[in-house]
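Q: Please take a close look at the salt bridges in this structure. Which residues pair up, and are the partners buried or exposed?

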Amino acid sequence: MRTSHGVAVALGAGFQLATAAPVCGGGSTSDTLWVTTYPIGDGAGELLTLKLEGSKLSSVATSDTCGPFPSWLTQVDDVLYCVNEAWGGQNGDLAALQIGADSSFTVLSSGKTVGGPVSTIVYGNEGRGLAVADYAGGGIDTFDISDPAAIKTLVSKVFPGRDDGAAPPQEQARPHEAILDPTGEFLVFPDLGADLIRVLKVDKATLEYTEKPSYEFARGTGPRHGAFYQSGDNTYFYVVCELSNLLQGFSVAYNEDSSLTFTQLYNATTHGATDALPEETAAAEIFLAPNSNFLTVSSRFERELSYTVANGTEVASDPLITFSIDAEGQLTHVQTAPAGGINPRHFSFNSDGSRVASALQSDGRVVIFERDVTTGKIGKVVAETDVAGMPNFVSFKQ
């Protein structure tokens with residue numbers, strides 16, 4: 001068992017790895033954080049504003065403006081775009097929320113999505129477009145957000161599944177994240193259900209897009225989230241795969257016909273090795289730390305680390321696993337550290353990478369850790385707090 005008592009320790013350094021990573025989802029050096037929670041039982045989820053003061057992290061405001069099943073947040077200036085997953089087979093929602101000085105939120109406008117929206121990304125000239133990945137609905141949406149008070153649906157599209165008799169969740173298409181490439185010319189969507197990287201060539205001016213050939217994974221891989229990384233003239237793309245618990249890395253070629261070619265350069269487990277992981281393991285999130293070559297992955301339901309909560313109780317913890325990326329896109333294991341509890345569905349860095357916040361969905365806890373920007377290692381706990389509901393997203397305010 002890999003153990004740590006309230007602090008992160010480096011384990012297994014030296015494994016050579018080259019695989020999954022996404023463009024960074026960091027926040028800022030702000031001491032304000034936003035958290036969304038899924039509901040428990042018949043309750044409703046909430047959008048929470050947390051404030052860090054010294055070693056104390058506390059909730060200073062709650063809001064229901066995201067709807068009963070809030071999830072992914074994207075900030076654009078003083079507007080926060082929030083999706084409501086709308087569990088139960090309904091269409092989801094995208095809401096544009098005005099951020100108040102008192103941590104309140106006012107709904108400026110909203111729009112419907114295909115269903116089960118789980119991720120958003122801004123694209124297009126002057127950030128006028130926003131793309132949405134709809135997991136439950138099996139599709140994507142694009143919106144014109146030029147005027148946050150009147151967001152407009154551009155295209156809502158449902159993708160066909162593979163139609164090969166696969167068992168759930170692969171019985172249909174399930175895009176799990178919307179990602180913009182470094183040039184801003186392409187949107188890519190890891191599709192967990194169809195085992196594809198779906199590629200769209202976008203027109204930055206009109207916000208329209210053209211579908212391009214997808215990259216196809218072996219059946220049962222389950223690509224969940226991903227990100228781009230640039231090293232000199234080279235572009236790499238990394239994908240974390242939920243169903244197989246693999247990290248896969250690719251070199252990316254930009255073709256004359258405005259398509260992308262993905263050439264695999266790495267394939268290993270989320271720990272960078274070939275050893276089998278605990279049976280219930282489910283890979284979750286992946287981010288590149290700001291202005292760095294350090295990649296961190298979260299893994300759920302391993303329960304092989306330990307973490308000491310503020311009251312002194314030792315609990316099981318899942319890991320945050322960090323790698324360094326070299327100039328050729330290869331990965332080297334740096335550290336396996338406790339995430340602060342079970343089911344770290346999401347985590348994020350502040351803008352300078354000196355802190356990382358972890359949302360522990362199963363434990364109802366948010367933890368902030370120090371992080372060494374030089375070594376990439378996660379350090380001691382800064383603060384933690386328990387929250388009502390199941391935290392599924394955490395981000396530092398920009």
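**Salt bridges and their surroundings**

A: Arginine 365 is buried, at 8% relative accessibility; buried means under 20% relative accessible area, exposed over 50%, and partly exposed in between (1.4 Å probe, protein chains only). This is a predicted model, in which local features need pLDDT of at least 70 and side-chain atom pairs count only at pLDDT 80 or more, while totals for chains, interfaces and linings use all residues. Residues are numbered from 1 along each chain as its sequence is written, and side-chain values use heavy atoms, with hydrogens and water left out.

The partner of arginine 365 is aspartate 386, in a salt bridge whose closest N and O atoms are 3.7 Å apart. The pair joins distant parts of the chain, 21 residues apart: arginine 365 lies in strand β29 (residues 365-371) and aspartate 386 in strand β30 (residues 378-386). Strands are DSSP runs (E, at least two residues), numbered from the N terminus. Aspartate 386 is exposed, at 58%.

A salt bridge here is a side-chain nitrogen of Lys or Arg within 4 Å of a carboxyl oxygen of Asp or Glu. The count by this rule is 14.

Lysine 157 and glutamate 211 form another salt bridge, at 3.3 Å between the closest N and O atoms. Lysine 157 belongs to strand β12 (residues 152-158) and glutamate 211 to strand β16 (residues 209-216), 54 residues apart. Lysine 157 is partly exposed at 26%, and glutamate 211 is partly exposed at 41%.

Arginine 198 and aspartate 191 are bridged at 2.7 Å. Arginine 198 is buried at 8%, and aspartate 191 is buried at 0%.

Asp164, Asp195 and Arg219 are linked in a network of salt bridges.

How values were computed. Helix = DSSP H or I, 4+ residues; strand = E, 2+ residues; numbered from the N terminus.
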